Amino acid sequence: MRGRLLTWMMITSLIPAIFLVLIGLTYAEKILSSERKINFSANAQDVYNLIRTFSPQPGAYFTHNNEYIKIITAEYTEEKHGFKCGQVTDNQLTIACKDGFIKPSLLQRAGKKMIYTDAFLRGYEIKANCFLL
């Protein structure tokens, strides 16, 4: 009796998994760190969508002085400009993209809490005209 019960439990637990494979559903692959890195040479809307995709965990990030900084929330504008991609355009951390700008509103340094951009810039200096990777 006990053997039949175990066999029945094994068969019934496999049916959903086999069904999912037959209809083409599989598990998602692990998200790589390179997929979360922000490429500012892309369109502003694409960068904005990347930030929203990975927010709040695991988080889209850029590097400044070899430190990872995650952008949790941001706004974007599409307009022509003369800045290079990844260049900080002002003291409010507006970042130039291919066809517009990204304006982060909530940031997080590695191992720290999430904070708003104005508070972030009071404790961590990112000057205008520097480039973010």
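Trainee: Which residues does Arg36 touch, not counting those up to four places away in sequence?
Mentor: Arg36 touches Ile31, Leu50, Phe54, Pro58, Gly59, Ala60 and Tyr61, where contact means heavy atoms within 4.5 Å. The model is a predicted one, in which local features need pLDDT of at least 70 and side-chain atom pairs count only at pLDDT 80 or more, while totals for chains, interfaces and linings use all residues. Residues are numbered from 1 along each chain as its sequence is written, and side-chain values use heavy atoms, with hydrogens and water left out.

Trainee: Where is Arg36 found?
Mentor: Arg36 belongs to helix 2, residues 33-36. Helices (H or I, at least four residues) and strands (E, at least two) are DSSP runs, numbered from the N terminus.

Trainee: And what is the nearest side chain of opposite charge to Arg36?
Mentor: That is Glu35, 7.5 Å away. Arg36 is buried yet has no salt bridge. Buried means under 20% relative accessible area, exposed means over 50%, and partly exposed lies in between, using a 1.4 Å probe and protein chains only. A salt bridge needs a side-chain nitrogen of Lys or Arg within 4 Å of a carboxyl oxygen of Asp or Glu. For charge, Lys and Arg count as positive and Asp and Glu as negative, with His and the chain ends not counted.

Trainee: How many salt bridges does the count come to, then?
Mentor: The count comes to 1 salt bridge. Arg109 forms a salt bridge with Glu67, and their closest N and O atoms are 2.7 Å apart. This pair links distant parts of the chain, with Arg109 in strand 4 and Glu67 in strand 2, 42 residues apart.

Trainee: Is Glu67 buried or exposed?
Mentor: Glu67 counts as buried because its relative accessibility is 19%. Arg109 has a relative accessible area of 24%, so Arg109 is partly exposed.

Trainee: Changing topic: which residues touch the most other members of the largest nonpolar core?
Mentor: Of its 24 residues, these are Ile38, Phe40, Ile51, Phe62, Ile126 and Leu132. A nonpolar core is a set of buried Ala, Val, Leu, Ile, Met, Phe, Trp, Tyr and Cys residues joined through side-chain atoms within 4.5 Å.

Trainee: Which elements give two or more residues to this core?
Mentor: They are helix 3 (44-53), strand 1 (60-64), strand 2 (67-78) and strand 4 (100-109). Helix 3 provides the largest share, 5 residues.

Trainee: What does Ile51 touch?
Mentor: Leaving out residues up to four places away in sequence, Ile51 touches Ile38, Ala60, Ile71, Ile72, Thr73, Ala74 and Ile102.

Trainee: What pattern does the whole chain follow?
Mentor: Read along the sequence, the pattern is α-α-α-β-β-β-β-β-α, which comes to 4 helices and 5 strands. Buried residues make up 32% of the 133 residues.

Trainee: And how many aromatic pairs are there?
Mentor: There are 5 aromatic pairs. One of them joins Phe120 and Tyr124 and is tilted, at 5.3 Å centre to centre with 40 degrees between the planes. Rings of Phe, Tyr and Trp (its six-membered ring) pair if their centres lie within 6.5 Å; planes under 30 degrees apart count as stacked, over 60 as edge-to-face and the rest as tilted. Phe120 is buried because its relative accessible area is 3%, and Tyr124 is buried because the value there is 10%.

Trainee: What is the phi of Asn65?
Mentor: Asn65 has a positive phi of about 55 degrees although it is not a glycine. Asn65 is placed in the loop between strand 1 and strand 2, and Asn65 is exposed because its relative accessible area is 62%.

Trainee: Last topic: what is Phe131 in contact with?
Mentor: Leaving aside neighbours within four places in sequence, Phe131 contacts Lys84, Cys85, Gly86 and Gln87. Phe131 is found in the segment after helix 4.
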